[in-house]
Amino acid sequence: MVSTESPMVADRQLASLSAQAAPPPPCLVCGREGLEVFLDLGPTPLANAFRLPEETGADPCFPLRIARCPHCHHAQLAGSVPPEKMFTDYLYVSSYSETLVAHLDSLASAVTARRHLGKNDLAVDIGSNDGTLLSSFARRGVRVAGVEPARNLAALARARGIETEACYFDRFAAQKIRQAYGPAMAVTATNSFPHIQDLDEYLRALDLLLDPRGVFVIEAHYLGDMLDQTAFDTIYHEHVSYWSLGPMKRLFERHGLQIFDVERLPIHHGQLRVWAARAGAARTEPSVERLLAAEREAGFSSRLPFDRFAERASRIRSGLGRLLGGLRSRGATVAGYGAPAKATTLLSYLGLGPDTITYIADRSPLKQGRLVPGARIPIVSPSELLTSRPDYVLILAWNFVDEIMAQLAGYRRAGGRFIVPVPEARILD
Ligand code: ZN
């Protein structure tokens with residue numbers, strides 16, 4: 001955390017960190033030393049630091065290395081960037097993706113039904129973004145409160161009537177919410193849990209907020225899916241943790257929580273939905289032991305699956321590089337579609353810029369007119385893509401490939417072709 005230091009001093013320290021790649025810190029889950037780096041993506045800009053073209057100067061880059069703990073087997077970044085640098089102004093807005101809006105509505109539905117939430121119950125969403133999930137709870141008659149450190153998103157949520165604290169979730173925030181609204185029967189964290197750098201503080205805060213009968217429901221990108229899909233581009237500085245169930249269970253048990261159910265979901269790149277309650281408050285479903293057994297079988301306690309993942313990532317880099325280089329030498333035009341955070345990692349790891357990908361179309365008006373960090377490729381509205389008709393579209397938001405191909409049906413009918421980078425670089429038929 002940056003404390004009393006001036007931003008300039010902190011920037012210089014971070015810059016020197018990037019030059020030297022400091023030794024790995026202790027494990028986020030068990031606190032022990034000895035993290036083993038299995039993939040080094042090189043100095044990489046912050047994934048969501050989309051800048052305006054008139055902002056000059058190089059985008060700051062920081063080391064991006066993913067490691068595993070040989071003791072508790074938790075996969076995590078070897079080194080972190082202060083959260084204030086990443087989450088104060090945030091351009092990822094939940095309500096811009098129809099798939100995500102529908103998904104979050106189904107989560108609100110599942111939690112409300114499972115815990116029989118009614119008008120006296122409180123649901124708190126941590127990392128509540130623009131209030132999309134909470135508005136689904138509110139529609140079902142549940143009281144809601146959000147916690148969202150990005151001030152621009154908290155303001156969007158408040159504008160739609162969702163009470164939102166613009167802060168990080170810590171004991172102070174938990175106490176404040178509890179005093180204002182009472183204890184929470186449901187606490188949710190969708191995609192924000194992998195961001196947490198101080199897990200012990202977070203779970204102590206949860207302990208203050210959660211009703212004795214309450215549930216804590218997390219959705220987080222699943223390590224198993226990341227490895228299966230070779231989704232190396234989902235590695236970026238915001239995501240300090242790459243969760244599997246084993247380490248999460250150990251962490252939760254240390255904080256008096258019991259994981260009583262787990263589901264694997266197809267959303268994004270494959271996610272875990274983890275249901276937890278206070279220890280002893282729920283009957284554990286067989287799903288928990290089943291997934292733990294699958295993780296043992298997949299060898300998550302050994303180095304092997306991680307080293308293989310790193311080899312495949314390296315093969316995608318060379319394969320996609322060759323594919324795009326070949327198209328460029330034949331004079332074909334290539335644009336990108338979708339400027340999610342992971343595009344920054346992918347383009348940085350491949351060293352791609354506007355000479356290869358002329359522009360990237362994205363539906364988010366907050367991103368249009370800005371540049372992808374590092375690559376400095378301009379982001380435009382999707383209508384531009386339909387007008388300029390590039391020969392190929394590289395789908396950078398590859399987890400939404402079906403949604404995107406449906407949106408671009410006209411482009412495809414007119415002869416346009418699609419390239420997906422992951423899990424294998426290829427041109428779609
Ligand atoms: Zn550990």
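Helices (H or I, at least four residues) and strands (E, at least two) are DSSP runs, numbered from the N terminus. The model is a predicted one, in which local features need pLDDT of at least 70 and side-chain atom pairs count only at pLDDT 80 or more, while totals for chains, interfaces and linings use all residues. Residues are numbered from 1 along each chain as its sequence is written, and side-chain values use heavy atoms, with hydrogens and water left out.

The buried residues of H5 (residues 151-159) are Leu153, Ala154 and Ala157. They line one face of the helix, because they fall within an arc of 100° when seen down its axis; the arc is that of the directions from the helix axis to the C-beta atoms. Strand E8 is included in what covers these buried residues, with contact taken as heavy atoms within 4.5 Å.

Helix H6 (residues 171-181) can be read in a similar way. Ala173, Ala174 and Ile177 are its buried residues, and they sit on the same side of H6 because they cover an arc of only 100° around the axis. Phe172 and Gln179 are exposed on the face turned away from that buried side. The cover over the buried residues of H6 includes strands E6 (122-126), E7 (143-147) and E8 (164-165) together with helix H7 (199-209). Glycine 182 follows H6 and has a positive phi, near 90°.

H6 and H7 are also joined through charged side chains. Glutamate 201 forms a salt bridge with arginine 171, and their closest N and O atoms are 2.7 Å apart; a salt bridge is a side-chain nitrogen of Lys or Arg within 4 Å of a carboxyl oxygen of Asp or Glu. This pair links helix H7, which holds glutamate 201, to helix H6, which holds arginine 171, across 30 residues. Glutamate 201 is buried, with a relative accessible area of 16%, whereas arginine 171 is partly exposed at 37%.

The whole structure has 21 salt bridges. One of them pairs arginine 68 with glutamate 36, with the closest N and O atoms 2.8 Å apart. Arginine 68 lies in strand E4 and glutamate 36 in strand E1, so the pair ties together parts that are 32 residues apart in sequence. Both residues belong to a network of salt bridges that links Glu36, Arg68, Arg303 and Asp307. Another salt bridge joins the side chains of aspartate 59 and arginine 376 (3.6 Å, N to O).

Turning to the metal site, the zinc ion has the protein donors Cys27 (SG), Cys30 (SG), Cys69 (SG) and Cys72 (SG), lying 2.3 Å from it. Donors are N, O and S atoms within 2.8 Å of the metal (3.2 Å for Na, K and Ca); water is not among the atoms, so sites may look incomplete. The four donor atoms make angles of 101 to 118°, and the site is tetrahedral, a label given to four donors if all angles lie between 85 and 135 degrees. Along the chain, the donors follow the spacing C-x2-C-x38-C-x2-C. Cysteine 30 counts as partly exposed at 30% relative accessibility, and cysteine 69 as buried at 0%.

How values were computed. Tetrahedral: all angles 85-135°; square planar, octahedral: opposite > 155°, others 65-115°. Buried < 20%, exposed > 50% of the residue type's maximum accessible area, 1.4 Å probe, protein only.
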